[in-house]
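Subject: Structure handover and findings

Hi,

Here is the structure for your work. Please load it first, then read the notes below.

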Amino acid sequence: MSYLINRNPPARPICLHAICQFTATKFSTDQIFNMKDIKFDQNSLNIHNFCSILEKHNSIKDLNYCPYKENPLDESGCALTNGVYIDSTKQKEVSNTINALHSLGLFERKNKEIRLTNLGLKFANSEINSETFLSIFKESILKNGLMIGLLGQIYIENKKSFKTEDIYVGYPNTGKEYVTYNDERIIISSGSEKDSNTRTKSCLLAWGTWLNFFYPIDLKNSQIADKRNYVLQKNRNRRDYLIDEFPFFIFENEFITEKPLDYNNLTKLTRALRENNQQNIRKVTLEVEPKIKNRRLALLHSLNDAYKKNRLLNIKNLIIKMKSFPDQFIVDDKNFEDIMFEEIKIGFAAGIPFRVIDDLNVKPLCGLNMQELNLNAPYEILKIIKHILS
């Protein structure tokens, strides 16, 4: 199942290479492991044995440490995974890293079961920045639905440069979608927060810069090594980018995004809401969350259907059909149509970007791996969507 990347450490390809090497040393591609198995453990073989960017401590002999840890003596050891001695409930880093590796096709995650893929093994066996390394990494990031969505936004603009603030990465913000709860009108929270959007975008921009798809404008006259060193910096805050070796072929030939978001991840983690009055917002949003997933799934199926048939998707016609199933799709009846015109933007998060043709029609630029998208989707919802598209 594919998740939204929500933290920064996976942005560094060298770190991803090291974790693949470490994993390949411990496990074969047919062995299942869990998150704890790849977390840093200073008392056994760990990722430091494979990391090429460790720094040497100024005064402690033989102490090499992760450059992205503020404290060289931090027992968590690695910014990519953290360590086995960290509170077991705090597994955000390792979980996010595994999610990223799954979305790249280097790992395969099925709930708590994880394994290294054949592609991940090939990546582990390659030399950093060799032709094989770069080829595999390019293949990997072009599996990722979020990356395809970001590239789609850049492609649609048809410019030689772009500003990062003009790109949105995350779940659609539907505006004011109300539910009445205890005689109070509450706005549900179904869109990505600003900080989440920023972290995810930063990761995708780093991947693209490493492969020279684009790079910060002030690095125009720099060697590719300098551009990659920028990716390895602790802070990356450039906002103006130039297009270079952009993968235009994605949108100019037949292309299927292999790792779109799956059904369970078509909404953010509602249980972690932090807004003011969060208790009521969380409760109400959790109650309507299935409808949000259902309608986003229906939109993605419709976009993919239009792509396969080489036709436009008329959003208005789709909305009319979906209104026949209010219990499955509608949260706020009064605003449903306006909301759906915003929800269609889920295509960019899932990996099926589209071009707006006019006020009613859009044209998808690629297709989706429906097997991945439909993971965990209720059979009855899939049946209804099939009826809508027939």
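Buried means under 20% relative accessible area, exposed means over 50%, and partly exposed lies in between, with a 1.4 Å probe and protein chains only. The model is predicted: local features need pLDDT of at least 70, side-chain atom pairs count only at pLDDT 80 or more, and totals for chains, interfaces and linings use all residues. Residues are numbered from 1 along each chain as its sequence is written, and side-chain values use heavy atoms, with hydrogens and water left out.

Two asparagines come up first.

Asparagine 212 is buried, at a relative accessible area of 7%. Its place is the loop between α6 (194–210) and β8 (214–216). Helices here are DSSP runs of H or I with at least four residues, strands are runs of E with at least two, and both are numbered from the N terminus. Asparagine 212 is not a glycine, yet its phi is positive, about 65°. Most residues other than glycine have a negative phi.

Asparagine 158 also has a positive phi, of about 55°, and is not a glycine. It sits in the loop between α5 (145–157) and β5 (161–163). Asparagine 158 counts as exposed, because its relative accessibility is 68%.

Cysteine 15 is in none, and its nearest cysteine sulfur, on cysteine 51, is 5.8 Å away. Cysteine 15 has a relative accessible area of 9%, so it is buried. Cysteine 78 is in no disulfide either; the sulfur of cysteine 66 is the nearest cysteine sulfur, at 5.3 Å. Cysteine 78 is buried too, with a relative accessible area of 7%.

Helix α10 (residues 315–322) packs with helix α12 (residues 336–343) at an angle of about 125°, and their axes are 10 Å apart. Axes are lines fitted to C-alpha atoms, for helices over the stretch in contact, and angles run from 0 to 180 degrees between N-to-C directions. That angle makes α10 oblique to α12. The classes are: under 35 degrees roughly parallel, over 145 roughly antiparallel, 65 to 115 roughly perpendicular, the rest oblique. From α10, the contact uses Ile315, Lys316, Ile319 and Met322; from α12, it uses Phe336, Glu337, Met340 and Phe341. Contact means heavy atoms within 4.5 Å. Those residues divide into six nonpolar, no polar and two charged. Ala, Val, Leu, Ile, Met, Phe, Trp, Tyr, Cys and Pro count as nonpolar, Asp, Glu, Lys and Arg as charged, and the others, Gly among them, as polar.

Valine 284 lies in helix α9 (residues 278–308). Valine 284 is buried, with a relative accessible area of 0%. Which residues does valine 284 contact, leaving aside neighbours within four places in sequence? They are Val179, Tyr181, Ile186 and Ile188.

Leucine 232 is in the loop between α7 (224–231) and β9 (240–243). Leucine 232 is buried at 17% relative accessible area. It touches Arg12, Ile14, Tyr68 and Trp210, not counting residues up to four places away in sequence. Leucine 232 and leucine 16 are 216 residues apart along the chain, and their C-alpha atoms are separated by 12 Å.

Best regards

Terms used: A disulfide is a pair of cysteine sulfur atoms within 2.5 Å.
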